[in-house]
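Subject: Handing over a structure

Dear colleague,

I am passing on the structure below, which you have not worked with before, followed by an account of what was found in it. Please keep it open beside this message as you read.

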Amino acid sequence: MSTFEYAPAPESRSIVDIAPSYGLFVNGEFVDGHGHSFKSISPSTEEVLAEIAEADETDVDLAVRAARRAHSRVWGRMPGKERAKYLFRIARIIQERGRELAVLESIDNGKPIKETRDVDVPIAAAHFFYYAGWADKLEYSGYGTESVGVAGQVIPWNFPLLMLSWKIAPALACGNTVVLKPAETTPLTALLFAEICQQADLPPGVVNIITGAGETGRALVSHPDVDKVAFTGSTEVGRSIARSVAGTSKRVTLELGGKAANIVFDDAPVDQAVEGIVNGIFFNQGHVCCAGSRLLVQESVADDVLDRLKRRMSTLRVGDPLDKNTDVGAINSAEQLAKIRELSAIGEDEGAERWAAPCELPEHGFWFPPTLFTGVTQAHRIAREEIFGPVLSVLTFRTPSEAIEKANNTPYGLSAGVWTDKGSRILKMAGALRAGVVWANTFNKFDPTSPFGGYKESGYGREGGRHGLAGYLKGEARR
Amino acid sequence: MSRIDVRKTYKLFIGGQFPRSESGHSYEVLDSRGRFVANAALASRKDARDAVVAARKAFPGWSGRTAYNRGQVVYRIAEVMEDRRPQFVEALRRGEGRTSAAAGKVLDGAIDRLVWYAGWADKLAQVVGNANPVAGPFFNLSTPEPTGVVAVLAPRESSLLGLVSVVAPVIVSGNTVVVTASPDRPLPAVTFAEVLATSDVPAGVVNLLTGSLDRTAATLASHMDVNAIDLTGLAADAEQATALEVEAAANLKRVRRAPAAEPDWSEDPGLDRMTDVLETKTVWHPIGV
């Protein structure tokens, strides 16, 4: 197949100004941490971007104290309509500094600029805009109006700024104060967000950003003066958090792993379905908890769908995240790349057949080509475990009931996809799939008004929408 | 010569059947003054696992019923209870040491609570669901769904009103339940199971275990096919409640923590016993021609 060559279309880096080192953002100021520092690197070049302070237990304690003070003296007492205006300010500044945030996110995370520009940043701003409007309307929410207190929030590296907004916006709208820990590989946009809080004149201590790795996160969620824990990340860490809060009065929401089935019936519009499959698993390099990582395709159309899928995958542009034509960026870290390689090798060892899109990968940085496995059975580890990379496992089915059985045969339950032209079948499947989000004839859509969260071992609680307020309000009727 | 009465054997209720404990064990149940009343089945770990299997098997059918139908079935439980008033009054008199009048009031409360919850079956989705105005051409709807199999440790003190107050909110939305009765006062629960068996409640929707929690609670808390656990029966037993919450993390069960003291069951229950065992499912579909 002949394709046009694309000229390079790099987005300029000049808009961002990365400092050589960053401290912690506590009580409205950047301060030195008491722990060691670590480096944040660009996963597409392995270039060191900055030295980042690691918060130790003392730092966590200082941040929680600052948040507590801010909650009891300022933020928890402030009328909702005033809190709202701070959130609207933040939303506006995110929009104003949108390009800067997009470029910085792309550099630090490795994801394509196209995506940070069109998805991460605008939806982050939209979350603040949406929850700002709730701040003075909580009496209509169904969850009461009383804030919980101090929220300890730990977020992953796959959507750094977006996950920050999912956590901070509803917490603040409800009158809580927060201590947030971004992932150790992607702290930079959270630190820029701290600056945005300063520009918005947010009262000190309402938002505290502490950087570090697993130890810092553990110290935060187990701090006795944290009232609410919100975590997005792996099911394994989620389990340990669930254990650590046992016997306390802490509230918890967990948004964990997934192994979503993306189900394609024989009457589906094939080209749209193929786009949906590609978007489902290769969006954000497959670093998506709700990724459509198991393709269940009806046997009668499997060959056709696979042919078209491979053809489409061959046109994906993998490379420089800052190039505006790039579809698939860098794998976020060497560690994640090793995990993807390991599980892919296991896929082959267990008898599945690997096919990777022919593409030239850059010499430096962490890269993995868009890949699919055929001949996958339900027992294969690549059909059961979250790979969290651009790797699709393809299974087939004959009847709708077989599709339901296979789709639900997982300990996870975060999301699922259905592709068919038949309305009654969509509704039947949507009802039968045990997953918190079902995308029918679409995939990987997100919106601040739309609740997101899992069944089973994908965690509990919802983020987004009216339901997203529940975790941050004390209301008796938690509905 | 006066007639010798026929005594009842108090058994477990699993999958619509009334088996004895597979272990063959039973224990003495005493009345409020310490006098022997009956031998009840002492449920084993295996009984608990069997009950989970029965509850799982019943889940697709029960959750697949229309809300209207589930509401009628729960209402039917109230009808049959009303019909058996003397039996429950007697059981509460002996087990909880109440006067007949007080026992009657407790029974009123239990029956009325069932009626209240029955009415929620076809209203929950309207009150807790949402249509979401997303910023794009998509239909987007959030609806509640039952979480699955729920283990419930029923309260120790209130052996009937408390039991009904923790079971009804779980099943009305389509969950199935394995409930452990008050260990010291299990008999009203067994009689309640007999009501369930004659109230159009499908087999396995409610499964009842009697006996010591030491034998069953940890099995339920750590069971990988149980989706949620309500620790109400461990009121004021923080140590045991914490241990079970830790076990429950194995498969990230939804946990309703134990209260500091047994609740006042005469109070308005609110929605949270129902919403704690619901999942929110959000469905997206493009809008176009």
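Buried area, as the term is used here, is the accessible area, taken with a 1.4 Å probe, that two parts lose on being put together, summed over both. Please bear in mind throughout that this is a predicted model.

I begin with the two chains. The area buried between chain A and chain B is about 3300 Å², and carbon and sulfur atoms give 51% of that area. The contact draws on 46 residues from chain A and 40 residues from chain B. Across this interface there are two salt bridges, and one of the pairs that meet in a salt bridge is E279(B) with R462(A), at 3.3 Å from N to O. The interface of chain A and chain B also holds 28 residue pairs in polar contact, counting pairs with both residues at pLDDT 80 or more. On the side of chain A that touches chain B, the elements giving two or more residues are helix 8 (235-244), helix 14 (423-432), strand 17 (437-440) and strand 18 (459-460), and helix 8 of chain A gives the most, with five residues.

Next comes chain A by itself. Its domain assignment gives domain 1 (21-256 + 456-472) and domain 2 (261-440), and the C-alpha centres of these two domains of chain A lie 30 Å apart. Their contact takes 30 residues from domain 1 and 33 residues from domain 2, and together the two domains bury about 2500 Å² between them, with 56% of it on carbon and sulfur atoms. The count between domain 1 and domain 2 of chain A is one salt bridge, while 17 residue pairs are in polar contact across their interface, both residues being at pLDDT 80 or more. On the side of domain 1 that touches domain 2, helix 3 (98-109) and helix 4 (113-134) of chain A are the elements that give two or more residues.

Lastly, there are the nonpolar cores. The largest has 115 residues, among which F128(A), L164(A), F193(A), V207(A), I209(A) and L309(A) touch the most other members, and this core draws at least three residues from each of domain 1 and domain 2 of chain A. Leaving aside residues up to four places away in sequence, V207(A) touches F25(A), I168(A), L172(A), V178(A), F193(A), C197(A) and L202(A). A second, separate core of 64 residues includes V73(B), F88(B), Y117(B) and F192(B).

With best wishes

Note on methods. Residues are numbered from 1 along each chain as its sequence is written. Chains are lettered from A and ligands numbered from 1 in the order in which they are written. This is a predicted model: local features need pLDDT of at least 70, side-chain atom pairs count only at pLDDT 80 or more; totals for chains, interfaces and linings use all residues. Side-chain values use heavy atoms; hydrogens and water are left out. A nonpolar core is a set of buried Ala, Val, Leu, Ile, Met, Phe, Trp, Tyr and Cys residues joined through side-chain atoms within 4.5 Å. Buried means under 20% relative accessible area, exposed over 50%, partly exposed in between (1.4 Å probe, protein chains only). Domain bounds come from an automatic or database domain assignment. Contact means heavy atoms within 4.5 Å. A salt bridge is a side-chain nitrogen of Lys or Arg within 4 Å of a carboxyl oxygen of Asp or Glu. A polar contact is a pair of N or O atoms within 3.5 Å; within protein, one must be able to donate a hydrogen and the other to accept it, and residues adjacent in sequence count only if both atoms are side-chain atoms. Helices (H or I, at least four residues) and strands (E, at least two) are DSSP runs, numbered from the N terminus.
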